[in-house]
Amino acid sequence: ANLLDAFAASNPASRECFDIHARYLPGANSRSVLFYAPFPLTMARGEGAVLWDLDGHRYDDFIAEYTAGVYGHSAPEIRAAVIEAMEGGISLTGHNLREGRLAQLICERFAQIERVRFTNSGTEANLMAITAALHFTGRRRIVVFSGGYHGGVLGFGAQPAPTTVPFDFLVLPYNDEAAARAAFAREGPDIAAVLVEPMLGASGCIPGRPAFLQALRTLATDAGALLIVDEVMTSRLAPHGLAAQHGIRPDLTTLGKYIGGGMPFGAFGGRADIMALFDPRSGPLAHSGTFNNNVVTMAAGHAGLTRLFPPEAAAALAARGAALRDRLNARCAAAGVALQFTGIGSVMNAHFAAGEVRRPEDLAAVDARLRQLFFFHLLAQGIYASPRGFIVLSLPLDDDAIARLEQAVGDFLARFAALL
Ligand code: PLP
């Protein structure tokens, strides 16, 4: 209660902004994930890995646009690319050079992607990949996993997302090979595809076990179904994406977030024979979208991948994140509290739970008030992590910022250990 009172008292401008905007936007926003009670901060400005809110407070940005912000808020290389693209005309209403260049880069970096097409979001990319699988196999059913999040209309977690799209989903428990085997034994001939995140992101950075992911590959192949790996969040976690790291070759892969350089972005791609469905010279499927090949995204994405985030940089950032997670977990273990940080590389999530977290159901008993306490404690220390405990590193985040996070977590443990 003290933390909440202090938060409300020190953020009058954010509160006023929220009250005014709520007259026009339900909940004063267009992104449910950004809301928290009593009102969310309104951010005024960002630079590098720092954010300032409307009341002038400074925060180390540990959300980094839910992984899309790997480049931070003002990378000169991205700005220069965007400006150069805009000077040549924003919307060219035609095929353009930048589109092909970014496609080539993506196909070269992610070997399983032989052909790729662009969208404006990860949600659209997944919808298109599912559509491709239905047409390619002539089947109806899509296997997804409880806690999986594939976009605004493709969420299978506890928080109801409007999964009103006209697909026939079969929702299985995550990291459960036996359940997957049973489902394929029962319904294999009806299954068009398995759609899986190699690490559940929105449901708390729960890594898929290698044996589970490999079993999905085998089951899909044996049943004549496609494996679609949603790497919208995870492609940054290893030089060539997480599927490659596990030695798995998906039939289709979906991408998004940082690959557009911080601009709206999504992509789906994979086997050339499947993607040929979208070849207007021969394939039956149309795939349109006014801004799919917009020059700003294409330019920003290319600059980011080539100049700031080549495969070596992805590996280095992942190593930094893994080391941080190890240190945070060591602190929690030393304090003997039921708090742990799950995740892979530079993307992690705090969980107030002891024992292995294999699937979101393992977190059902967590007291949401602890999450809230952690969030407002970090905020009061100038650390912007997400209300659900999501913590992400970006390239411009320096060692001092990481030290401040560790200090804030240490303070939390010292102050509140008795509650954990
Ligand atoms: N898939 C995963 C794994 C995601 O994490 C997200 C976004 O958080 C999406 C898909 C949807 O991407 P977008 O928000 O660009 O529609």
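1. Strand E14 and strand E16 (residues 390–392) pair in the antiparallel sense over three bridges, and within this pairing Met348 stands opposite Ile391 in E16. Helices (H or I, at least four residues) and strands (E, at least two) are DSSP runs numbered from the N terminus, and two strands are said to pair if DSSP finds at least two bridges between them.

2. As to provenance, this is a predicted model, in which local features need pLDDT of at least 70 and side-chain atom pairs count only at pLDDT 80 or more, while totals for chains, interfaces and linings use all residues. Residues are numbered from 1 along each chain as its sequence is written.

3. E14 also has strand E13 (residues 340–344) as an antiparallel partner, joined to E14 over five bridges, with Thr342 and Asn349 as bridge partners. The hairpin of E13 and E14 has two residues between the strands, and in this hairpin Gly345 takes a positive phi near 50°.

4. Strand E14 (residues 347–351) is mostly covered, with five of its five residues buried; a residue is buried if 20 or more other C-beta atoms, placed from the backbone, lie within 10 Å of its own, exposed if 12 or fewer, and partly exposed in between. Val347, Asn349 and His351 are buried on one side of E14, and Met348 and Ala350 are buried on the other. In a regular strand the side chains alternate between the two faces of the sheet.

5. Seven strands form an open sheet of mixed pairing, in the order E4-E12-E11-E10-E7-E5-E6. Strand E4 (115–119) and strand E6 (168–172) are the edge strands, each pairing on one side only, and the twist averages 20° from one strand to the next.

6. Within this sheet, E7 is largely enclosed by the rest of the structure, because six of its six residues are buried. E7 pairs in the parallel sense with E5 over three bridges, where Val143 stands opposite Val194 in E7, and also in the parallel sense with E10 over four bridges, where Ala193 stands opposite Leu226 in E10. Strand E10 (residues 226–230) is in turn joined by three bridges to strand E11 (residues 252–256), the two running parallel, and Ile228 stands opposite Leu252 in E11.

7. Helix H5 lies across E4, strand E5 (141–145), strand E7 (191–196), E10, E11 and strand E12 (266–270), and runs at about 165° to E11. Helix H6 (residues 177–187) packs on the sheet as well, touching E5, E6 and E7, and its direction makes about 145° with that of E6. Axes are lines fitted to C-alpha atoms, for helices over the stretch in contact, and angles run from 0 to 180 degrees between N-to-C directions; two residues are in contact if their C-beta atoms, placed from the backbone, lie within 7 Å.

8. The ligand is surrounded by 17 residues, of which the closest are Ser121, Gly122, Thr123, Gly151 and Val232; a residue is near a molecule if its C-beta atom, placed from the backbone, lies within 6 Å of it. Helix H5 (residues 122–137) provides the largest share of this shell, three residues.

9. A further open sheet has four strands in the order E1-E2-E3-E15, with mixed pairing, and its edge strands, E1 (43–47) and E15 (383–384), each pair on one side only. Strand E3 (residues 58–61) and E15 run parallel and are joined by two bridges, with Asp61 opposite Tyr384 in E15.
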